[in-house]
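The text takes a few residues in turn and says where each one sits.

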Amino acid sequence: MSRCDGETIGLITLDAESRWTAPVPLRGPHRGWELIQVGNCGSPIETAAGWLVLTHGVGPMRQYGIGALLLDLHHPEHVIAELIGPLLAPDETERDGYVPNVVYSCGGIVHDGVLWLPYGASDTRIGFATVILAALIAAMTPTRTTAAA
């Protein structure tokens with residue numbers, strides 16, 4: 001996963017000669033909560049439904065939220081579903097700090113059907129969020145986008 005242009009999530013792979021390929025744009029900023037830029041939060045997580053990619057989006061007033069994409073297991077250049085709104089956004093207790101209005105993560109882990117998501121809040125505190133993986137995937141909207149639109 002990459003953000004080579006500074007605002008779009010892209011997929012980069014190794015070719016047969018172990019050279020990095022040009023990024024394939026997966027998702028660019030286009031919703032209000034992620035209007036400035038979109039990036040990934042850690043490595044994709046393999047699930048039966050596809051590769052779960054936790055994202056971070058930067059919206060107006062530099063507020064960061066955490067979202068999610070689902071990539072095809074065999075063709076990860078295809079986004080097959082996305083969470084329309086943020087999975088996690090700063091609440092009242094997480095808005096003030098060294099960098100205000102920010103929740104961010106370096107990745108999550110699935111254990112026993114639950115996504116565990118450690119996150120930082122405003123560069124001041126840490127927290128854990130959990131969501132049932134099946135519920136998260138069910139909340140995603142199907143799409144067949146391969147461009148950063």
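I132 counts as exposed because its relative accessibility is 52%, and exposed here means over 50%. This is a predicted model, so the values that follow are computed from it. I132 belongs to strand β11, which covers residues 125-132. Beyond its neighbours within four places in sequence, I132 is in contact with G113 and V114. Its C-alpha atom is separated by 9.0 Å from that of V110, a residue 22 places away along the chain.

Another exposed residue is I109, with a relative accessible area of 54%. I109 lies in strand β9, residues 109-111. Together with W116 and F128, I109 forms a nonpolar patch on the surface, and the three have about 360 Å² of accessible area together.

In soluble globular proteins, nonpolar side chains tend to be buried together. In this model the largest nonpolar core has 20 residues, and those with the most contacts inside it are L52, L54, L88, Y119 and M140. At least two residues of this core come from each of β5 (50-58), β6 (64-71), β7 (79-82), β10 (114-121) and α1 (133-138). Strand β10 supplies the largest share, four residues. Apart from this core lies another, of eight residues, including L26, L69, L71 and V79. As for M140, its contacts, not counting residues up to four places away in sequence, are L52, A68, L69, L70, A81, E82 and L83.

The whole structure has five salt bridges. One of them joins R27 and E82, at 2.8 Å from N to O. Because R27 lies in strand β2 and E82 in strand β7, this pair ties together parts that are 55 residues apart in sequence. Both R27 and E82 are buried; for E82 the relative accessibility is 9%.

E82 also forms a salt bridge with R31, where the closest N and O atoms are 3.1 Å apart. This pair too links distant parts of the chain, since R31 is in the loop between β2 and β3, 51 residues from E82. R31 is partly exposed, with a relative accessible area of 22%.

R27 has a further partner in E34, with the closest N and O atoms 2.5 Å apart. E34 sits in the loop between β2 (24-27) and β3 (37-40). With a relative accessible area of 2%, E34 is buried. Its contacts beyond four places in sequence are R27, G28, P29, G57, V58 and G59. Through shared partners, salt bridges join R27, R31, E34 and E82 into one network.

How values were computed. Residues are numbered from 1 along each chain as its sequence is written. This is a predicted model: local features need pLDDT of at least 70, side-chain atom pairs count only at pLDDT 80 or more; totals for chains, interfaces and linings use all residues. Side-chain values use heavy atoms; hydrogens and water are left out. Buried means under 20% relative accessible area, exposed over 50%, partly exposed in between (1.4 Å probe, protein chains only). Contact means heavy atoms within 4.5 Å. Patches are made of residues with over 30% relative accessible area and no salt bridge: like charges are joined within 9 Å, nonpolar side chains (Val, Leu, Ile, Met, Phe, Trp, Tyr) within 5 Å. Accessible areas come from the Shrake-Rupley method with a 1.4 Å probe; for residues, only the protein chains shown count as cover. A salt bridge is a side-chain nitrogen of Lys or Arg within 4 Å of a carboxyl oxygen of Asp or Glu. A nonpolar core is a set of buried Ala, Val, Leu, Ile, Met, Phe, Trp, Tyr and Cys residues joined through side-chain atoms within 4.5 Å.
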